[in-house]
Amino acid sequence: MKTEQANDSPLLQAIRERIEMQPDRAISFRDYMDLCLYHPSLGYYMNSNRKIGRSGDFYTSASVGSVLGDMLAAYLRSFAETRSGDICLTEWGGGDGTLARQMLDAIRSGSPALYARLRFISVERSPVHRSLQSEALAPHMELVSYLTAEEWHAAGPWPNTLVLSNELPDAFPVYLIVSREAGWREITVGWDDERSCLTEVERPLSSGELEAFIRKEAIPPRTGQRFEINLDALRWLRTVAGSMGNGSVLLTIDYGHVREELYAPHRMNGTLLCYWKHQASDTPLQFPGEQDMTAHVNFSALIDAGKEAGLEPLGLFSQKQFLLEQGLLDELSDHNARDPFSPQARRNRAIRQLLLSDGISELFKVLVQKKGEPH
């Protein structure tokens, strides 16, 4: 078992200082989560510890062989067929570069003409992840660029661009709210001097933006039920949509649900979870900066925000549906059953794992949104 983090950890001290600066000695959970994940030097995604894979804290779908990357390459081929000239692929929050490497490998080997038309842009805020990506994408360095979010927006609008994110909105910091008999309350983070630890503090809602979101979503006020509100994901989608040009498509892959499922009575504790060494917990105030923190994505809210920003929804698919539509079953191949470690056998297992295991392909969704018509 992991032991309690010492009270003198640098990130905990930074969080305490932020708390002490506030008049009511509490910060929003959103700001706490942002510090835990994105503090410039101490945040979980910004430090050099391995995050993804066996030696990390979680897996992504790109960890299961190259199947997801190959199917996204198939989607990119279809995307390019109806567009002339150069094609741009932009990935936001690409982590260690595994998925992009899989896609570019597949395009180069299977579609050299498209590869010659292709430009790849990575928008990644973590210096550690940019470094890992530069290693992973070294074989494709002639078509790879690294831009900050500000640089990407400044260079827009981007026509004929496929904008891709895989497990990005779930990692944006969220506000926590709870329904009480007296009305809505916000769960903030304070410091307990007696126990010398972080603690939850309930306060009135801190912004009209939260109140407006609750009304718009018609979140049911069941006494004691907690909900996450991911305003950062909506801001991200609106700004990306604003920089997309005609013929561009936004492909958002993540786990989550439509609002009716997210707000269902059986989710009394919400969906916020922490991951450390592949173990899930609901203890976000422990080990700040040392564990991943995520919440399920509200795809209904993303669709609505997209419409307001000029994006037409082309469909919300389960990952399984999306993969099957890209021809995943055609990738299954006959092999010598006596050699379970042959490349064909390993690939067949990866395909079955993506389609069948742990319901991952039903929990994961693919949201496709389009801006204007292609040229």
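The accessible surface of the chain comes to about 16,800 Å², and 52% of that area belongs to carbon and sulfur atoms; areas come from the Shrake-Rupley method with a 1.4 Å probe, and for residues only the protein chains shown count as cover. This is a predicted model, in which local features need pLDDT of at least 70, side-chain atom pairs count only at pLDDT 80 or more, and totals for chains, interfaces and linings use all residues. Residues are numbered from 1 along each chain as its sequence is written, and side-chain values use heavy atoms, with hydrogens and water left out.

**Overall make-up**

- The chain has 14 helices and 16 strands; helices (H or I, at least four residues) and strands (E, at least two) are DSSP runs, numbered from the N terminus.
- Of the 375 residues, 54% count as buried, where buried means under 20% relative accessible area, exposed over 50%, and partly exposed in between (1.4 Å probe, protein chains only).
- Among contacts between residues at least 6 apart in sequence, 76% join residues at least 24 apart; a contact means heavy atoms within 4.5 Å.

**Helices 8 and 9**

- Helix 8 (residues 208-217) packs against helix 9 (residues 231-243) at an angle of about 85°, with the axes 12 Å apart; axes are lines fitted to C-alpha atoms, for helices over the stretch in contact, and angles run from 0 to 180 degrees between N-to-C directions.
- That makes the two helices roughly perpendicular, since angles of 65 to 115 degrees count as such, while those under 35 are roughly parallel, those over 145 roughly antiparallel and the rest oblique.
- Glu 209, Leu 210 and Phe 213 of helix 8 meet Leu 231, Leu 234 and Arg 235 of helix 9.
- By class, this contact has four nonpolar, no polar and two charged residues; Ala, Val, Leu, Ile, Met, Phe, Trp, Tyr, Cys and Pro count as nonpolar, Asp, Glu, Lys and Arg as charged, and the others, Gly among them, as polar.
- The buried residues of helix 9 include Leu 231, Leu 234, Trp 236 and Leu 237.

**Helix 2 and Ala 171**

- Helix 2 (residues 29-38) is mostly covered, with eight of its ten residues buried; among them are Leu 37 and Tyr 38.
- Ala 171 is in the loop between strand 5 (161-166) and strand 6 (175-180), and at 5% relative accessibility Ala 171 counts as buried.
- Leaving aside neighbours within four places in sequence, Ala 171 is in contact with Leu 37, Tyr 38, Tyr 45 and Met 293.
- The C-alpha atoms of Ala 171 and Asp 34 are separated by 9.4 Å, although the two residues are 137 apart along the chain.

**Two buried strand residues**

- Gln 369 belongs to strand 16 (residues 364-371) and is buried, with a relative accessible area of 0%.
- Not counting residues up to four places away in sequence, Gln 369 touches residues including Leu 237, Ser 248 and Leu 302.
- The C-alpha atoms of Gln 369 and Ser 248, 121 residues apart along the chain, are separated by 8.6 Å.
- Ser 122 is in strand 3 (residues 118-123) and counts as buried at 2% relative accessibility.

**Backbone details**

- A cis peptide bond joins Gly 156 and Pro 157, with omega about 0°; Pro 157 lies in the loop between helix 7 (149-154) and strand 5.
- Asn 160 lies in the loop between helix 7 and strand 5 and has a positive phi of about 50° although it is not a glycine.
- Phe 287 is not a glycine either, and has a positive phi of about 55°; Phe 287 is in the loop between strand 12 (279-281) and strand 13 (292-294).
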